[in-house]
Amino acid sequence: MSSVRLAEYIWVDGTRPSPQLRSKTRVIKKEEEPSIWGFDGSSTNQAEGHASDCVLKPVCTVPDPSRRNGSILVLCEVLKTNMDPHETNTRHWCVEAAYRYRNHHSWFGLEQEYTLFRDGRPLGFPENGYPAPQGQYYCSAGASNAFGREIVEEHLDACLEAGLGISGINAEVMPGQWEFQVGPLGPTEVSDHLWLARYLLERIAEKHGVSVCWAPKPVKGDWNGAGCHTNYSTIEM
């Protein structure tokens, strides 16, 4: 039996306007908990080349459904070398707000839409022209209506195996467009689980030679946009 396991450190970079997920693998002892690590921030839009060190602080650890054997996914906050939160680290503000308003027992449910692309176009779009108009694709079934289901189902299984608070999936209005839901969970937990679910989707789609587009308007014209809808409730509500 191996005495080591793999820890995949995951963080949100400084790319604007839409941050990207970054990750790298660390080999640790089986009984070892993930500790702080570092990375080159000049390659992630988080530092200048003359002072590029940034710190990764583990904040949420879950089982890695792809590697198993005790391996883990480690979501991290980004810190400066003096251990202050990095400018791109918005999670620490979420933690503070959650603590300040903890008596309200806030719950969030997030509905994350996305579009699967291959060869520069959404799945289900022909090489030239457009598919049939929208209407038949939402919550659909069948090879003429649903595109990419094998990726979506694999992603759902991976999230459940990782212990993430995913609560559902469905095909969306445009071909190749899908949605997964996370929650209801508290503000910090739902955010951590959303980022980890996004990461797993990116990795699974990568394996299938497909890219995930999070853009709000992936195709011009009379085609549905994609977003992340937020449902919110307090104990008073």
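Mentor: Read along the sequence, the chain runs β-β-β-β-β-α-β-β-α-β-β-α-β-β, which gives three helices and eleven strands. The model is a predicted one, in which local features need pLDDT of at least 70 and side-chain atom pairs count only at pLDDT 80 or more, while totals for chains, interfaces and linings use all residues. Residues are numbered from 1 along each chain as its sequence is written, and side-chain values use heavy atoms, with hydrogens and water left out.

Trainee: What makes a stretch a helix or a strand here?

Mentor: Both are DSSP runs, numbered from the N terminus: a helix is a run of H or I with at least four residues, and a strand is a run of E with at least two.

Trainee: How do you know that the radius of gyration of the chain agrees with that of a compact globule?

Mentor: The radius is taken over C-alpha atoms, and the globule rule is 2.2 Å times the number of residues to the power 0.38. For 237 residues a compact globule would have a radius near 18 Å, and the chain has 19 Å, so the two agree.

Trainee: Why is Asn89 called buried, and why is Pro133 called exposed?

Mentor: Buried means under 20% relative accessible area and exposed means over 50%, with partly exposed in between (1.4 Å probe, protein chains only). Asn89, in the loop between β5 and α1 (91-100), has a relative accessible area of 5%, and therefore counts as buried. Pro133, in the loop between β7 (121-122) and α2 (149-161), has 65%, and therefore counts as exposed. Across the chain, buried residues make up 43% of the 237 residues.

Trainee: Which residues is Asn89 in contact with, leaving aside its neighbours within four places in sequence?

Mentor: Contact means heavy atoms within 4.5 Å, and with those neighbours left aside Asn89 is in contact with Glu77, Val78 and Leu79.

Trainee: What makes β3 and β4 a pair?

Mentor: Two strands pair if DSSP finds at least two bridges between them. Strand β3 (residues 37-40) and strand β4 (residues 53-63) have four bridges in the antiparallel sense, so they pair; within this pairing, Asp53 in β4 is the bridge partner of Asp40. β4 also pairs with strand β5 (residues 72-79), in the antiparallel sense over eight bridges, and there Leu79 in β5 is the bridge partner of Val55.
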